[in-house]
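Trainee: I have a protein model open, and I would like to learn how to read it step by step. Could you take me from the whole down to single residues?

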Amino acid sequence: MPAVTKAAHKKGDFFVDYEDKKFEDVKALPGEKALVTFHTVAFEGSIGLVNLLQATRLLRKGFETSVLLYGPGVTLGVQRGFPTLGDEAFPGHLNFNNQITKFMSEGGKVYACRFALQALYGHGEPSLIEGITPISPLDVLDLVLLHRRDNAFILDSWTL
């Protein structure tokens with residue numbers, strides 16, 4: 001049987017060279033926009049949180065950034081907590097709420113489809129995190145088309 005001759009990893013060790021950046025740090029030109037769409041269920045995978053972090057990064061790079069929550073994506077924008085709203089039942093429980101709130105506090109805009117909110121998930125507009133703008137289901141496509149017309153960067157988040 002082979003022997004392991006390497007020392008065990010310890011806290012503070014590096015596994016990769018995270019400072020070796022290969023590409024330029026792209027910043028938005030004046031007036032550039034970005035849209036991040038979410039058609040994913042909260043807590044069903046990492047895509048919701050990862051692309052909320054991407055939306056914040058786009059904002060910090062200077063893009064006028066909007067987030068669109070539609071279909072199951074509206075579940076990212078509802079208030080949560082246990083035993084009461086705003087109470088974090090376990091670490092990470094409020095990660096979507098906290099990230100969306102941070103994004104909006106830095107100037108990002110968040111829109112949520114009213115149809116998905118009520119018809120699909122049984123929530124009303126008071127269920128949304130404060131600052132999210134509820135929109136007509138007819139505005140979902142138009143919001144995307146407006147960003148396309150403005151040559152915005154569009155990042156679509158889908159899970160099946």
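Mentor: Let us begin with the surface: the protein exposes about 10,500 Å², and carbon and sulfur atoms supply 58% of it. Such accessible areas come from the Shrake-Rupley method with a 1.4 Å probe, and for residues only the protein chains shown count as cover. Keep in mind that this is a predicted model, in which local features need pLDDT of at least 70 and side-chain atom pairs count only at pLDDT 80 or more, while totals for chains, interfaces and linings use all residues. Residues are numbered from 1 along each chain as its sequence is written, and side-chain values use heavy atoms, with hydrogens and water left out.

Trainee: How many helices and strands does the protein have, and what pattern does it follow along the sequence?

Mentor: Helices (H or I, at least four residues) and strands (E, at least two) are DSSP runs, numbered from the N terminus. Here there are four helices and five strands, and read along the sequence they give the pattern β-α-β-α-β-α-β-α-β. The radius of gyration of the protein is 19 Å, well over the 15 Å that the globule rule gives for 160 residues, so the protein is more spread out than a compact globule. That radius is taken over C-alpha atoms, and the globule rule is 2.2 Å times the number of residues to the power 0.38. Along its principal axes, the C-alpha trace spans about 65 × 45 × 30 Å.

Trainee: What share of the 160 residues is buried?

Mentor: Buried means under 20% relative accessible area, exposed means over 50%, and partly exposed lies in between (1.4 Å probe, protein chains only). By that rule, buried residues make up 36% of the 160 residues in the protein.

Trainee: How should I read the pairing of strands, and which way do strand 1 and strand 2 run?

Mentor: Two strands pair if DSSP finds at least two bridges between them. Strand 1 (residues 33-39) is joined to strand 2 by six bridges, and the two run parallel; within this pairing, Val36 stands opposite Val67 in strand 2. Strand 2 (residues 64-69) is in turn joined to strand 3 by four bridges, again in parallel, and Ser66 stands opposite Lys109 in strand 3.

Trainee: How many residues of strand 2 and of strand 3 are buried?

Mentor: In a regular strand the side chains alternate between the two faces of the sheet. Strand 2 is mostly covered, with five of its six residues buried, and strand 3 (residues 109-113) is mostly covered as well, with four of its five residues buried.

Trainee: Which elements cover the buried residues of helix 2?

Mentor: The buried residues of helix 2 (residues 95-105) are Phe96, Asn97, Gln99, Ile100, Phe103 and Met104. Their cover includes helix 1 (47-60), strand 2 and strand 3. Helix 2 is followed by Gly107, whose phi is positive, near 110 degrees.

Trainee: What should I look for in the backbone angles?

Mentor: Most residues other than glycine have a negative phi, and most peptide bonds are trans. Phe43, in the loop between strand 1 and helix 1, has a positive phi of about 70 degrees although it is not a glycine, and at 40% relative accessibility Phe43 counts as partly exposed. Asn151, in the loop between helix 4 (137-149) and strand 5 (153-158), has a positive phi near 55 degrees and is exposed, with a relative accessible area of 69%.

Note on methods
Contact = heavy atoms within 4.5 Å.
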